[in-house]
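Let's take a walk through this structure together, starting with the whole chain and then stopping at a few places where its parts meet.

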Amino acid sequence: MISTQNVEQQKFWDAFRACAEENRVRPDRSSFYVKWAQAFVSFLPEKRLQDRSGKDIQAFLADLAQRQGIADWQVQQAKYALKILYEMFLPHYAAEKTPHLSPNGRETIYKKSEFRDSVLPGEVERRFSSLVEALKTEIRTRHYSYRTETSYLEWMRRFIAFHDYTVPPDPDAAATVRTYLEYLAVEREVSASTQNQALNALVFFYKNVLREPIGEMDEFARAKRPRRLPEVLTRAEVEGLLSEMNGITGLMAGVMYGSGLRLMECVRLRVKDIDFAQYQIMVRDGKGQKDRITMLPERFANALQEHLGRVKAIYEQDIVQGTAEVYIWQALARKYPQAGKEWIWQYVFPAKSLSVDPRSGKVRRHHINEGLIQKAVKEATSRAGINKKASCHTLRHSFATHLLEARYDIRTVQELLGHADVSTTMIYTHVLNRPGLSVKSPADL
């Protein structure tokens, strides 16, 4: 008979494995992350985890590195497993009953590690939980995407953990935030975009959750933003790439190139957004929550219509099974309760299987996983022999550059791309320029 203690332990490790997978650990590898975390639990069996320090973690990793048959990449994997355990998993699991994990049978209680995270005791834990719920509420009332929600929540957790769970408010918010941003830039050496994302999340957190705007901050160490030109494919390279793709991913790549869509804009297209009569695509709720119209390439119109015929057959099966529903905005769902089940609201590129909505818990059909098209483009680039670092966004860059090469007005290209400022679109003119165009190389004289 399985004891209650063993059941609790299994629930704990199952939850940790799910957390690892949510943090981009592949399902076929997540069991290894569980094993590393369990190995750390068994390390120093007479010492409870609440009494362990960063030195104990380093000792565990050093011991692991000396074991025969353990490669360097496995040590790094173990380190990342512990990072997930302390940074991402345990703060969520704090409200649950802590299982008995120590080899000596005593109850395991987690405390601060070298990753600066812990299960929060008493009042701090309750306050932290309330901040999480408050942040979720503020984000959802503004109709921000689920990705933004998870990103902002993660930055809030890291920020509070960095300051040893001295939960805000504090008398000098600007200095507190500045210290953390400088830590990210100087010690963690994050990119400029990552530091800016953290800043945006913390500004939102202070202003809308704590109701204490940060105000003006003094200068702080900023991560360097490299000035790079976008990677662009030639027309021949685009044709070579598309020729190596087929099926749904090939169609999506063609539409992204032919319409200048961002990856998630393509993935989130609805049936009603495609106008075959006018050869137009309506991009709804794009970057910055803006709508725009772009062209539907005639080259892919027939293939897209045939694809929608197959999607409608799946939709009709879902109708019979009672699962024909997709996500729509909450305000719209309240006004039109059946809208999510209508054909026009279905995703143009739906997922093969049903999934659970992380916010509502409803089981329904979501859009295709964007990772599939990303992987397909990468593999097609290799097969086509293209010696460039091409991605889905490279197709958008190529769309803009090829329009400018065809002498279309830059304002028109700006509108099709959905750029708020023409200076963003102007970067493609640098790609077109050939430095020293009127000057011959001395090697050719």
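Look at the contacts in the chain between residues at least 6 apart in sequence: 63% of them join residues at least 24 apart. Keep in mind that this is a predicted model. The chain has 445 residues, and 44% of them count as buried. As for secondary structure, you'll find 18 helices and five strands.

Let's begin with a pair of helices. Two packed helices are described by the angle between their axes and the distance between the axes. Here, helix α2 (residues 30-42) packs against helix α3 (residues 54-66) at an angle of about 115°, and their axes are 11 Å apart. Angles of 65 to 115 degrees count as roughly perpendicular, so that is how α2 sits relative to α3. The crossing of α2 past α3 is right-handed. So who touches whom? On the α2 side you can pick out Trp-36, Ala-39 and Phe-40, and they meet Asp-56, Ile-57, Phe-60 and Leu-64 of α3. Sorted by class, the residues of this α2 and α3 contact are six nonpolar and one charged, with no polar ones.

Now move further along the chain to another pair. Helix α10 (residues 247-259) and helix α14 (residues 370-383) cross at roughly 85°, and their axes come within 10 Å. These two helices, α10 and α14, are therefore roughly perpendicular to each other as well. From α10, the contact takes in Thr-249, Met-252, Ala-253 and Met-256, while α14 brings Leu-372, Ile-373 and Ala-376. That gives the contact of α10 with α14 six nonpolar residues, one polar and no charged.

Two of those names, Met-256 and Ile-373, turn up again in the largest nonpolar core. This core has 41 residues, and the ones with the most contacts inside it are Leu-241, Met-245, Met-256, Leu-261, Ile-281, Phe-349 and Ile-373. Several elements give two or more residues to this core: α9 (235-243), α10, α11 (263-267), β2 (280-283), α12 (298-321), α14 and α15 (392-405).

Zoom in on Met-256 for a moment. Which residues is Met-256 in contact with, leaving aside its neighbours within four places in sequence? They are Leu-261, Arg-262, Leu-263, Cys-266, Ile-373, Cys-392 and Leu-395.

Note on methods: Residues numbered from 1 in each chain as written. Predicted model: local features only at pLDDT ≥ 70, side-chain atom pairs only at ≥ 80, totals over all residues. Heavy atoms only, no water. Axes fitted to C-alpha atoms, helices over the stretch in contact; angles between N-to-C directions. Helix = DSSP H or I, 4+ residues; strand = E, 2+ residues; numbered from the N terminus. Parallel < 35°, antiparallel > 145°, perpendicular 65-115°, else oblique. Left-handed = near helix turned anticlockwise from the far one by under 90°. Contact = heavy atoms within 4.5 Å. Nonpolar A, V, L, I, M, F, W, Y, C, P; charged D, E, K, R; others polar. Core = buried A, V, L, I, M, F, W, Y, C linked by side-chain atoms within 4.5 Å. Buried < 20%, exposed > 50% of the residue type's maximum accessible area, 1.4 Å probe, protein only.
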